[in-house]
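Thanks for coming, everyone. I'll keep this brief. Please look at the screen.

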Amino acid sequence: MSSRTTGRPPALAERVPSHKTPAHETPAHEVPAHEVPSLTVPEQRTTEIQLHGRRTPQRRPGKSRRNLYRLWFAIPSIILVGVFFGAPFVANIAFAFLQWTSYSTTITWAGLSNFVDAYRLGFLVHPIIITVLFAIMSMLMQNIAGLGFAKALQTGGRTDRFFRSLFFVPVLFSPLAAGYIWAAALQPHGAVNTFVSAVIPGFSFDWLGNPATALIAVALVDGWKWSGLATMVYVAGLNRIPSTVIQAAKLDGAGAWQRFWQVELPLLIPSLTFNLVVTLVGSFSAIDVVFAMTNGGPGNATTVLNAQLYLQYSGGLFGSASALGLVITILVVITAVPLIGWLRRREVEM
Amino acid sequence: VSTATATHRRERIRVAGVVRYVILSVVALPWVVLPLWLLLVNSFKTQGAASVPSLAWPAHLNILQNYAAVINQGAFFTGLANSALMAIPAIFFVLFFGSMAAWSYARSTSRTMKFAYYATSLSMILPAAIIPTVYILINLELNGTRIGYVLTIIGTRLGVVIFLSTGFIATLPASLEEAALIDGASKWQVYWHVILPMLRPVLFTAAILLVISVWNDFFYALFLLPGQSQATLPLNLYRFATTSTTGVAWNLVFADVVLTGLPLLIVYLVLQKRVLGGLTEGSVTG
């Protein structure tokens, strides 16, 4: 679809007189950098231009009609993403400032009162802190375990493949299932304490009954569940490092430890950035593991933002719930900036 | 002498391999094996024996009763049918619409299309705005319906497929498509016979990620499917586990976890080589 079909004035680049424009849908000066993966491709394009030029006489109306199919191919996605992601996302910014409950038929503008009330009643700052702590711990768990497993299972021999598929199994379970398994293991007389008391006789501790250990447990279980996926992303990243680079480092006398910190880790930065931000951002929206293990307790020690949002929603406080949703969005946007930077860089590489 | 050192070295490599295997097993034991054992063995116990869930083999097997309870009271097959009825079409349409749009986005230089592409890619990272989603579904008279849930899942998961596929198509020269068009193929034929086959590995990788996240989705199901008859497997599991009046019946919860996890585990057992290959050789990250 060219800008003509949208009714906008054509962009400067498109105002080039038609007889000067090569008879190709994307004149060379319009091709963004990312569509030119290598030096050989522009040459290929020249031959296409000639081929194409002989067959279709160059006329601008023809161009927009020829490219209209692109809109038709994208339209199902544009509508579905627009209605079920874009519109709710934009609407949420407004909903957060509405006085809107199931107890009243009138919806009025409330200004900041949803946030002020949440602050005064203690369910704004506390869930933010809980969510951030949860997300950081879960992110660290996923990435330390993921990178560790990837490094340990790097070569891809029979043993490596077997353990890779074993460590991937928790990824397949729903976070709820993971939560129930570990909630059982962490009971006062559960399996974890049985093992600890083999070292410290008579040891018994209610891991999920203590506010601090409950939060740590819930976050680590979430990290445990997803670490297999982070492992695979790191394995892919390690596989992309050319073996010649590693060989060169070996010849220079670098030990395994040195090779990892000074050669492999810098080359793993793309996978690292991707994993760190995706796992962090994903953990901001976590709810399943919390619901399965503690239901937000003890007290409100593990009430992450989404759990609080569900409480407000079930109580019919839709404006208040939207306000908490907006808080999650803000948390994500703050941390997503590095990821967007990464996406841009990736775009250039393509 | 040289053969002696060679044998010696081979012996050392073999020992190192065994040591590595042992270390990995020691890590895998508490990481995967014992949690799964805990799950399985307690799903065989009576409620009393499982009230303190231990790793011990049950003195009295209660397998049939537990699993029958999950299937009957836990409405397991309703959940399974709902999950299949919603997750499979959702995943199919995400892959189908996503790959169609990706072709357009990768080849278009129009600013409108670029904007649509970037906005769609953002949906991978930004969280769901669940309250307005419910509001929109109410206004479309789709709230609490399977179709409303499926449409929401499609709209919020298209981003992954479009991002991975657009990046992949952009690296391919357009010559193949153009040759097909010159030969008189329609746009649809080009998509079906040229673009889709080339995209297969990317779509396979995307499908793995989609299956894991859509099949196990709890968040959207919790908000969008309040009715019991539409509940998916994870929602079913949650309700079954929380409605117990006399503490947690670990034996029944675990039997439900086993049954709920079984469909994906079976698929994984059959396809594990391709799944792990798709994740490590695919284009998940740059």
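I'll go through the interface, then the aromatic rings, then one threonine.

A word on conventions: this is a predicted model, where local features need pLDDT of at least 70, side-chain atom pairs count only at pLDDT 80 or more, and totals for chains, interfaces and linings use all residues. Residues are numbered from 1 along each chain as its sequence is written, chains are lettered from A and ligands numbered from 1 in the order in which they are written, and side-chain values use heavy atoms, with hydrogens and water left out.

Interface first. In chain B, 100 residues are in contact with 113 residues of chain A. Contact means heavy atoms within 4.5 Å. How much area do chain B and chain A bury between them? About 9,300 Å², with 75% of it on carbon and sulfur atoms. Buried area is the accessible area (1.4 Å probe) that two parts lose on being put together, summed over both.

A:D160 and B:R20 meet in a salt bridge, at 2.2 Å from N to O. On the chain B side that touches chain A, helix α1 (residues 2–42) gives the largest share, 15 residues. Helices here are DSSP runs of H or I, at least four residues, and strands are runs of E, at least two, numbered from the N terminus.

Next, the rings. The whole structure holds 46 aromatic pairs over all chains. Rings of Phe, Tyr and Trp (its six-membered ring) pair if their centres lie within 6.5 Å; planes under 30 degrees apart are stacked, over 60 edge-to-face, the rest tilted. Take A:F95 and B:Y135: edge-to-face, 5.3 Å centre to centre, 90° between the planes. A:F95 lies in helix α2 of chain A and B:Y135 in helix α6 of chain B, so this pair joins two chains. Buried or exposed? A:F95 is buried, at 10% relative accessible area. B:Y135 is partly exposed, at 35%. Buried means under 20%, exposed over 50%, partly exposed in between (1.4 Å probe, protein chains only). Both rings belong to a cluster linked by ring pairs, including A:W100, A:F318 and B:F223.

Last, A:T101. This residue sits in the loop between β1 (98–99) and β2 (108–109) of chain A. A:T101 is buried, at 14%. A:T101 touches A:G316, A:L317 and A:F318, leaving aside residues up to four places away in sequence.

Conventions. Salt bridge = Lys/Arg side-chain N within 4 Å of Asp/Glu carboxyl O.
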